[in-house]
Amino acid sequence: MDAHPDWIPVKQRAKEGPTSRWASLGPYYAMFPVVFARSVIDQYTHIGDGVLDPFAGRGTSLFCAREKGRRALGIEISPLGWIYGRTKLFPASEASVLRRIEQLSVIAPAFEEAAERLPEFFQYCFAPRVLAFLLAARSDLRWKTHRIDRTTIAFLLTYLHGKIDGGRPCALSNQMRQTKAMAPEYSVNWWREHDLTVPPDIDPVDFLSSRVGWRYRHGAPDWDEHCLRLGDCRQILQRRKPADAGQYRLLLTSPPYRGVTSYYYDQWLRYWLLGETERPILDGQKWKSKYDDATAYTRLLHQCFSSSRRLLTPDATIYVRTDARPATLDVTTRVLENLFPEKDHRLVAAPYSRATQTSLFGDRSTKPGEMDIILTPR
């Protein structure tokens with residue numbers, strides 16, 4: 001977790017550029033490593049080329065593309081990933097975010113009674129003044145339309161839950177994982193078993209202000225926020241204007257893996273802050289699913305990549321990182337081979353270099369890793 005200056009070695013801090021602290025903003029379940037995205041963009045594009053990512057997640061590929069002087073277009077169906085990505089690409093000013101945090105603290109007392117009525121999980125997870133502050137943010141921030149509010153809630157989402165390290169909270173919550181919110185009943189039982197029934201009493205303004213100050217210390221990106229769109233990539237790609245045809249030399253993306261996880265369920269507490277329910281409930285929205293159905297998954301990939309095709313240059317490279325499990329890999333490979341028969345195809349194994357996120361939550365089974373499907377001009 002890169003949440004605090006003490007976590008960054010002095011030598012590394014001295015070398016940081018104006019955008020370096022923004023690349024990793026926002027914990028997310030499936031994240032492109034920044035080093036990986038930078039290396040692919042370096043290898044397959046030049047300054048001024050376009051990079052397309054129809055499954056953009058938290059916008060790492062777009063961030064790295066803009067950082068290196070490329071144009072970019074990304075689409076993300078998850079509001080959480082979209083908030084992270086847009087904030088990284090085009091955050092509001094530091095002063096405006098700090099003012100917004102102060103404003104929320106002023107109205108927070110009006111939410112104290114509502115905080116007391118929330119389910120047991122929330123009482124164990126957050127101190128009373130933190131919970132009132134979160135309810136104020138949940139009610140007052142217009143993150144869909146206002147840049148300042150979107151940047152403010154991006155910081156809240158980033159530090160909503162996480163570890164307590166040596167007695168020092170690294171987030172606003174009681175002891176939790178940072179990248180995944182466990183189920184309410186599991187969390188309550190775990191806190192009781194570990195004698196953590198009283199959450200840390202944190203001043204939200206002081207806590208968030210120090211994190212905001214750290215993130216802006218070397219400056220902030222000032223790129224085009226509209227290069228990341230919120231919605232279904234199939235619909236948005238089909239609506240792109242004819243002028244966009246042939247504008248992108250690299251398609252760099254990682255589609256959701258079939259049947260592995262629900263991005264909503266793993267992040268349900270952050271989605272609660274964005275206005276979702278107090279419990280993780282799958283209500284049929286497509287972006288909340290695990291993409292279990294093979295036919296629907298094949299259709300998703302086919303529609304996405306076929307719509308992407310007309311936006312690519314004739315000599316474009318398609319670089320897709322996907323799951324090594326046959327259920328995902330075989331479908332993805334077949335779709336790409338059918339849509340781009342004129343290109344050379346190769347598979348490159350990308351084994352996990354460290355413990356996977358699922359292993360952190362009790363899944364100790366051997367993971368097959370990931371695979372890179374690379375399609376290049378002949």
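Modeller: In helix H11, the buried residues are Pro-204, Val-205, Phe-207, Leu-208, Arg-211, Val-212, Gly-213, Trp-214, Arg-215 and Tyr-216. Buried means under 20% relative accessible area, exposed over 50%, partly exposed in between (1.4 Å probe, protein chains only). Helices (H or I, at least four residues) and strands (E, at least two) are DSSP runs, numbered from the N terminus. This is a predicted model: local features need pLDDT of at least 70, side-chain atom pairs count only at pLDDT 80 or more, and totals for chains, interfaces and linings use all residues. Residues are numbered from 1 along each chain as its sequence is written, and side-chain values use heavy atoms, leaving out hydrogens and water.

Biologist: What do the buried residues of H11 pack against?

Modeller: They pack against helix H5 (94-107), H8, helix H9 (147-158) and strand S4 (168-169).

Biologist: How do I describe a helix pair like H8 and H11?

Modeller: Two packed helices are described by the angle between their axes and the distance between the axes. Here H8 (residues 128-140) and H11 (residues 204-216) pack at about 65°, with axes 10 Å apart. Axes are lines fitted to C-alpha atoms, for helices over the stretch in contact, and angles run from 0 to 180 degrees between N-to-C directions. That makes H8 roughly perpendicular to H11 (65 to 115 degrees).

Biologist: Which residues meet there?

Modeller: Arg-129, Val-130 and Phe-133 of H8 meet Pro-204, Val-205 and Leu-208 of H11, where contact means heavy atoms within 4.5 Å.

Methods
Parallel < 35°, antiparallel > 145°, perpendicular 65-115°, else oblique.
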